[in-house]
Amino acid sequence: MKKITVIVIATLALLGSLLLAAPAKKMIQVKGSDTMVNLVQILAEEYMGKTPGAAIAVLGGGSGTGITGLINQTCDIADSSRDWKPKEIDQAWEKGVTPRFFIIAVDGLSIVVNEKNPIEKLTMAQVGALYRGEIKGWRTLGPYDKAVSLYGRQSNSGTYTFMQEFVLGNKNFSMDTKEMNGNAQIIESILQDEGAVGYVGVGYLYDQTGKIRKGLKVLNISKTPDGEAYAPTDKAAIDSGKYPISRPLFQATNGKPNAEIARFLAWETGPEGQAIVEREGFFAISPAHKAQNDKNFK
Amino acid sequence: MKKRKWTNLKESAIRAFFLTCGILAVLVLVGIFVTLLYTAVPAFKEIHLSEFLLKKNWDPTSPEKAEYGILSMIVSTLMVTGGALLLAVPIGIGVAAYLSDVAHWRVREIVKPVVEILAGIPSVVVGFLGIVLFGPAIAKIFHIGNGLNAVNGSVLLAIMSLPTIISISEDSLNAVPQAYGEASLALGASRWQTLFRVKIPAALSGIIAACMLGMGRAIGETMTVLMATGNARAFPHGFLSSVRTMTANVAIELGEVPYYTTHYYALFAIGLVLFVMTFLVNLVADVILRKYQEREQ
């Protein structure tokens, strides 16, 4: 009986101390895009290393999750790899949340296949047809006798929505698409599956040493059948807009960011942050993006 | 006298405490059911019940036309659960029979706790094994591109439902009166015959209940199947196609769904269907178990 009393008291004390300790430090909560989570995590770590007293927690979960988080005010910054839908902005306004957007990096959405696949390039229309389920075998596209095995993301992913909008022409994904938990899981599956095709953020193509992952092939994509095809790793093609599926990566705040958050955002979009963005395989923002960001800081 | 009064007071306080605990358990169940029902019913203002249960396509965020058919998911759930039982029931009964009748007591002392530890492995860990171990193995065995399919899910769920099946089956085998076995042996039956013709039939209702409880565990499991079955929404063509179970679908979509929309209510409706399914399974298990206990008395 005594023992039980001791255990109960100890548990209560532990719970109590947890409850008291929790709000002691005000953390900036960042949530959202799985494409951005690694990048933002590294940015946050470097920033915290340089800025005493800064505390930032970064979570993934998908763009949709981050946006819902900002609307429900469970996070301070929402990462998203797609534009907010008008419906989401309406919802935010209804709840008194006024999102402001900052572009922190540019991504070349990469179409990847297993290295055994001999195909080197595809047109936008072909990628769309693949994911709408209209092309069942690789034979249709080149000398390769394998069935197409589609890998994609789940519907809470910004990349899913982006693909649907810009590559599939607002049509349904094939129901046979295997929906994975994140970019990393897509890559792992493609390394094993010889008939695979997947889409991932450009930052996920590289291994620790900065080379393209072994066993992976990144396809060149062209806008039209007779147009030239470009790789998502080609900085010039991304900057000039010749690579057809590049997209800005956003962070959204509720209203004008407070001093702490603004300092982090400014550092991310400044030279130090942008150097890290490039090191991680993504691309630095353009002067136009910068001008847009500056407006939202005020 | 004073002491007696104090004891009485203590007695009734303890009684009240346990009564509250009991009522609380019932209240929680009723509360969950009512909440589920309350949140699921608005879905049927826009979706016809027959469309919901009998249509194959689920695509609520489609830019073309939102579709809310969960038949593929129901079939997927049943396939993965059925596959799991197909693997787990023979193995589970075998292990239970071995533990209760064949094994040396020292072996039993080791195997029993191991089985119980198996029950405590978190489902993410099992799912992880599915991705890195079983997936590639299944792809190699069946000569297919990937191992993210119903077979993988079945294997993993079999592993997760084994502890339940083993421990309850073993208990019911042990509950068979000693005299049955002795009588059988005395009539000249071998140990094998005694086990299979006398003991297992005598413990059958307990074993069936064990399997039903194992099934309940498998139907409701989420994380493992979410990680290992590929989550394709297509109607499954067979055990080697990628499937999406009802649980996985709710887990994937509930995080991002705008609140109080048809999609949101529909996810709760899936939860309700799942609840009814597991409730029925548990109810049947309970009825069988009760019958078995009555016969024992």
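B:T81 is buried, with 27 other C-beta atoms within 10 Å. Here a residue is called buried if 20 or more other C-beta atoms lie within 10 Å of its own, exposed if 12 or fewer, and partly exposed in between, with C-beta atoms placed from the backbone. Before going on, please keep in mind that this is a predicted model, in which local features need pLDDT of at least 70 and side-chain atom pairs count only at pLDDT 80 or more, while totals for chains, interfaces and linings use all residues. Residues are numbered from 1 along each chain as its sequence is written, and chains are lettered from A and ligands numbered from 1 in the order in which they are written.

Let us stay with that threonine. You will find B:T81 in helix α4 (residues 71–102) of chain B; helices (H or I, at least four residues) and strands (E, at least two) are DSSP runs, numbered from the N terminus. Which residues does B:T81 touch, leaving aside its neighbours within four places in sequence? They are B:L157, B:M215, B:A218 and B:I219, where a contact requires C-beta atoms, placed from the backbone, within 7 Å. B:M215 is 134 residues from B:T81 in sequence, yet their C-alpha atoms are 6.6 Å apart in space.

Next, look at a helix pair in chain B. The axes of α7 (residues 150–174) and α10 (residues 204–220) of chain B come within 8 Å and cross at roughly 155°. These axes are lines fitted to C-alpha atoms, for helices over the stretch in contact, and the angles run from 0 to 180 degrees between N-to-C directions. That crossing angle makes α7(B) roughly antiparallel to α10(B), because angles over 145 degrees count as roughly antiparallel, under 35 as roughly parallel, 65 to 115 as roughly perpendicular and the rest as oblique. Among the residues making the contact are B:L157 and B:I165 of α7(B), and B:L213 and B:A218 of α10(B). By class, the contact of α7(B) with α10(B) holds 10 nonpolar, 6 polar and 2 charged residues. In this scheme Ala, Val, Leu, Ile, Met, Phe, Trp, Tyr, Cys and Pro are nonpolar, Asp, Glu, Lys and Arg are charged, and the others, Gly among them, are polar.

Now step back to the domains of chain B. Its assignment, which like the others here is automatic or from a database, gives domain 1 (2–40) and domain 2 (49–296). The C-alpha centres of these two domains of chain B lie 32 Å apart. In chain B, 5 residues of domain 1 are in contact with 6 residues of domain 2, and the domain 1 side has 4 nonpolar, 1 polar and no charged residues.

Chain A has 11 helices and 12 strands, and 46% of its 298 residues count as buried. Its domain assignment gives domain 1 (2–106 + 248–297) and domain 2 (110–240), with C-alpha centres 28 Å apart. Across that boundary in chain A, 19 residues of domain 1 are in contact with 17 residues of domain 2. On the domain 1 side, α2(A) gives the most, with 4 residues. That side of domain 1 of chain A has 4 nonpolar, 12 polar and 3 charged residues.

Finally, the two chains meet. The contact takes 23 residues from chain B and 26 residues from chain A. On the chain B side, α6 (123–142) and α12 (246–254) are the elements that give two or more residues, and that side has 9 nonpolar, 9 polar and 5 charged residues.

Methods. Contact = placed C-beta atoms within 7 Å.
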